Amino acid sequence: MYYSFFDIFSIGIGPSSSHTMGPMRAASRFIQSLQEKGVFEKTARVRTFLYGSLALTGIGHGTPNAIIYGLMSLNPETMDVSKNYIEEVKRDQQIKLGGIRYIPFHDQPDILLEKKTFLKEHSNGMKFDALDENGNILLSEIYFSIGGGTVLRADEINQSVTTPTYDVPFPFDTCTELMQLCHDTKMGIADIVFKNEESIHTFQEIRNRVQQIESVMQQGIDRGIMTMGKLQGGLEIPRRAPLIYKRLEEKFHANDEDPLMIIDWINLWAFAVAEENASGGQVVTAPTMGSAGVIPAVLRYFERFAAKKSPFDLAIGKGVFLLTASAICSLYRTNASISGAEVGCQGEVGVACSMAAAGLVAALGGTNAQIENAAEIAMEHNLGLTCDPICGLVQVPCIERNAVGAVKAVNAARLALQGNGNHLVSLDSVIKTMYETGKNLSEKYKETSLAGLAVNALTC
Ligand code: SF4
């Protein structure tokens with residue numbers, strides 16, 4: 001299945017694509033259903049049930065707030081992130097349903113955490129009930145947040161509908177098929193993606209979207225390195241990006257010749273975005289919000305340190321980077337998962353690392369075989385990566401993990417560029433292995449905070 005660039009990279013509000021952005025979209029879709037079914041005007045109350053992983057780590061991930069945004073039909077790309085909508089709802093005990101009319105709303109009885117209930121289809125399940133004035137149910141719908149902000153209603157998940165399907169000129173399910181297409185057409189992976197996108201969108205739309213995605217990534221870095229203070233959620237963790245930035249600037253002005261300073265810069269950029277995400281700031285799902293810092297950090301590394309070695313001009317190089325990363329993500333979404341709740345952090349920071357490594361090699365003019373090799377190396381050394389966020393917050397280990405993932409992506413790209421693309425383990429086999437490993441991981445290590453660091457490091 002071909003996943004469009006427009007579906008893979010979306011702009012949203014942190015800290016989690018599956019626990020924040022997905023539930024926000026689900027609540028918003030429920031409001032749309034109320035309108036389509038003609039019961040919106042009669043709705044006097046909406047009750048939301050969060051199940052499984054959404055209930056266990058939802059508070060730390062900001063899921064209840066996301067539900068409120070969605071019920072208000074706010075758009076994550078355009079909403080005013082500086083406005084405190086939640087405070088207003090809590091203060092006034094009412095919500096502007098669909099952004100149109102007010103109904104009473106009390107977050108405790110109206111958003112219920114069903115921690116012991118896991119729905120069989122997916123661990124990120126939620127149910128919305130719309131009630132009339134007498135408490136009768138007008139409409140009830142179940143949704144699942146399956147990763148990367150993608151949401152499916154119960155009837156859709158049962159029909160295996162996962163995303164809009166496109167009739168593109170160069171469809172591919174596996175990397176073997178993608179490589180064959182590149183070979184037959186003598187095109188690069190980014191060209192294949194661009195041709196496919198041109199069958200869905202206009203040239204101008206594609207150009208604008210690529211620029212917009214890159215720009216939101218860059219803004220996330222710039223905001224993150226300037227914002228001081230502590231992260232919300234109770235762990236009292238100070239934001240580290242501004243401090244790292246200050247030290248790096250001092251070293252730069254002192255003509256410090258530390259040969260590994262580049263690593264500090266990559267760490268800084270990943271920290272900046274991951275801390276923005278943890279604070280509920282605007283980031284790009286790349287492929288998820290928990291892993292949103294990896295690709296911006298490697299993209300900034302390309303721009304600042306490596307672009308001179310690229311055969312492309314800077315803007316085209318960045319476009320090639322992102323389009324190639326999009327193709328790699330499409331392979332993971334088709335054959336595995338990008339949901340931490342389904343396959344652990346392999347599916348989030350692991351996939352981001354694989355996408356970034358491939359994108360960097362492409363932007364540096366590597367061959368298709370070297371791109372595939374880079375993506376494979378990056379995932380091979382993320383296999384088995386668990387998801388055990390402390391207190392359910394996308395902070396520890398998530399923020400450092402973004403930095404380590406970004407540095408690993410650069411290393412994987414450099415390793416691949418040392419060779420001619422020939423290697424033993426194919427990207428297809430490593431994706432299959434990642435998925436099987438994820439399925440075999442205990443639920444305790446898949447975004448439930450029931451084991452690992454979440455229980456050994458600290459009691460929440
Ligand atoms: S550990 Fe990884 S998958 Fe889990 S919340 Fe953190 S970034 Fe997401």
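I started with R239, which is buried at 7% relative accessible area (buried is under 20%, exposed over 50%, partly exposed in between, with a 1.4 Å probe and protein chains only). This is a predicted model, where local features need pLDDT of at least 70 and side-chain atom pairs 80 or more, while totals for chains, interfaces and linings use all residues. Residues count from 1 along each chain as its sequence is written, and side-chain values use heavy atoms, leaving out hydrogens and water.

**Salt bridges**

Next I looked up the partner of R239: its side chain meets that of E276 in a salt bridge, 2.5 Å from N to O (a side-chain nitrogen of Lys or Arg within 4 Å of a carboxyl oxygen of Asp or Glu). R239 sits in the loop between helix 10 (203–226) and helix 11 (241–253), and E276 in helix 12 (residues 261–278), so the pair ties together parts 37 residues apart in sequence (helices are DSSP runs of H or I, at least four residues, numbered from the N terminus). E276 is buried too, at 6%.

Then I checked E236 and K230, whose side chains form a salt bridge at 3.1 Å, N to O. Buried or exposed, I asked of K230? K230 counts as exposed at 54%, and E236 is partly exposed at 49%.

My last pair was K246 and E250, bridged at 3.4 Å, N to O. Both lie in helix 11, 4 residues apart, about one turn of the helix. K246 is exposed at 52%, whereas E250 is partly exposed at 45%. The whole structure holds 25 salt bridges.

How values were computed:
Helix = DSSP H or I, 4+ residues; strand = E, 2+ residues; numbered from the N terminus.
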